[in-house]
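Subject: Structure for you to look over

Dear colleague,

I am passing on the structure we spoke about, and would be glad if you could look through it alongside the notes that follow.

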Amino acid sequence: MKTELLPVNAASLAYAKELIAAGELVAFHTETVYGLGADARNGEAVAKIFRTKGRPADNPLIAHIHREFDIHRLIGVDPPYAKALREAFLPGPLTMVYPSKGKVAEAVSCGLETLAVRVPSSETAQAFLRAVDVPVAAPSANRSKHVSPVTAEHVMADLGGEIPLILDGGPCTGGIESTVLDCTGEIPLILREGLVTREMVAEVAGDCGVYKLRAGEKPKSPGMAYRHYAPRVKTAYFPQGELASAKALLRAESEAGGKPFVLCESEAKPYFGGYPVLDLGASPEEMAARLYRLLREAETCATLLVAIEPREKEGVMAGVLNRLRRAFGVEA
Ligand code: TXA
Ligand code: MG
């Protein structure tokens with residue numbers, strides 16, 4: 001199959017609408033990462049998402065809707081705090097999990113009685129969702145377990161030849177996937193950390209928990225059980241206290257004829273003088289926006305990628321650290 005990579009305009013949106021109606025997949029830009037979309041009501045189309053990505057069959061998908069779409073067509077009763085959160089943060093990088101009305105194909109939620117819904121703020125995403133005017137089930141548009149795509153070219157590299165259309169909306173400015181928030185309980189519970197932080201949710205909802213998977217327990221969000229976001233390059237990970245060991249490893253790799261790169265925040269850069277650095281930046285938002293692009297860049301140039309854990313751990317950094325640790329196979 002030939003994969004077309006088109007800018008977003010009336011002609012490409014009409015084509016996208018035709019494809020979605022025919023049960024095909026369309027990759028589209030959002031403010032977090034690119035999504036791989038299908039009509040959420042069409043079970044065959046949803047099955048195609050799982051097949052194309054190589055995604056485990058028990059990892060549910062998010063339904064994406066445009067801002068005028070009435071969410072109550074899809075979800076049952078929701079607590080008062082959910083309405084307040086929608087008003088405060090949507091459209092934006094917050095996915096909310098509700099009791100489902102069962103209006104989308106069963107495969108979307110993998111048999112769970114809940115449905116994750118997201119209203120992306122990207123204008124390109126809004127244009128696409130308005131054009132098709134159906135709930136669009138979409139995971140990130142990468143091959144399962146690979147780094148999530150933050151440019152249309154990343155999607156092409158992973159899925160070129162297997163999907164008919166990528167709507168190019170330029171680079172994603174958010175850079176890590178949306179916060180996933182369970183809104184079925186007394187207080188909201190963060191299932192996946194992201195740019196909308198626990199503190200931000202608590203300020204609006206009065207309280208907010210963070211779900212921690214306990215050993216042996218069935219995860220509330222099945223995606224939590226998988227190693228994710230892994231770059232295809234040898235990796236090593238060092239906390240702040242072990243910079244000297246990191247340097248020793250870099251030296252050993254160089255001496256063995258390899259090309260090691262360091263992935264670290266701007267401030268740590270001078271310590272690694274002489275070695276090429278992939279600079280995550282200074283602020284948490286900057287690090288979120290750059291992380292996946294740099295992981296994919298490392299695949300093209302490094303024989304070993306050595307990550308140095310940034311110092312800040314709170315707020316937006318909780319989400320960045322979660323992705324960074326999982327990309328490097330470290331307990332998140
Ligand atoms: O930013 C994003 O969220 C991107 C863009 C494309 O919107 N999408 C994304 O989708 O990251 P995906 O499939 O890579 O991650 C969806 C996460 C998974 O961890 C999944 O387990 C969780 O959401 N999830 C989906 N439905 C759920 C449900 N009903 N209950 C609990 N967790 C759910
Ligand atoms: Mg994903």
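A residue is called buried here when its relative accessible area is under 20%, and partly exposed when the value lies between that and 50%. Please keep in mind throughout that this is a predicted model.

By that cut-off Arg296 is buried, because its relative accessible area is 6%, and Asp158, at 5%, counts as buried as well. These two residues form a salt bridge in which the closest N and O atoms are 3.1 Å apart.

The model holds 17 salt bridges by the rule applied, and a few others deserve a mention. Lys48 and Glu24 meet through their side chains at 3.3 Å, N to O, and this pair, too, links distant parts of the chain: Lys48 sits in helix 2 (residues 43-53), whereas Glu24 lies in the loop between helix 1 (10-21) and strand 2 (26-28), 24 residues apart. Lys48 is partly exposed, with a relative accessible area of 22%. Asp39 forms a salt bridge with Arg41, the closest N and O atoms being 2.9 Å apart, and Asp39 counts as buried at 7% relative accessibility.

Turning to the ligand, 27 residues surround ligand 1, and the closest are Thr32, Asn59, His64, Arg118 and Ser178. The shell divides into 13 nonpolar, nine polar and five charged residues. Strand 4 (62-64), strand 6 (114-118) and strand 10 (189-192) each supply at least two residues of this shell, and strand 6 gives the most, with three.

As for individual contacts, an oxygen atom of ligand 1 lies 2.7 Å from an N or O atom in the side chain of His64, and an oxygen atom of the ligand is 2.9 Å from an N or O atom in the side chain of Arg55. A nitrogen atom of ligand 1 is found 3.0 Å from a polar side-chain atom of Thr114. Taken alone, ligand 1 exposes 680 Å², of which the protein buries 97%.

With best wishes

Conventions. Residues numbered from 1 in each chain as written. Chains lettered and ligands numbered in written order. Predicted model: local features only at pLDDT ≥ 70, side-chain atom pairs only at ≥ 80, totals over all residues. Heavy atoms only, no water. Near = heavy atom within 4 Å. Polar contact = N/O pair within 3.5 Å; in protein donor to acceptor, adjacent residues only side chain to side chain. Areas by Shrake-Rupley, 256 points an atom, 1.4 Å probe, with all protein chains shown as cover. Helix = DSSP H or I, 4+ residues; strand = E, 2+ residues; numbered from the N terminus. Nonpolar A, V, L, I, M, F, W, Y, C, P; charged D, E, K, R; others polar. Salt bridge = Lys/Arg side-chain N within 4 Å of Asp/Glu carboxyl O. Buried < 20%, exposed > 50% of the residue type's maximum accessible area, 1.4 Å probe, protein only.
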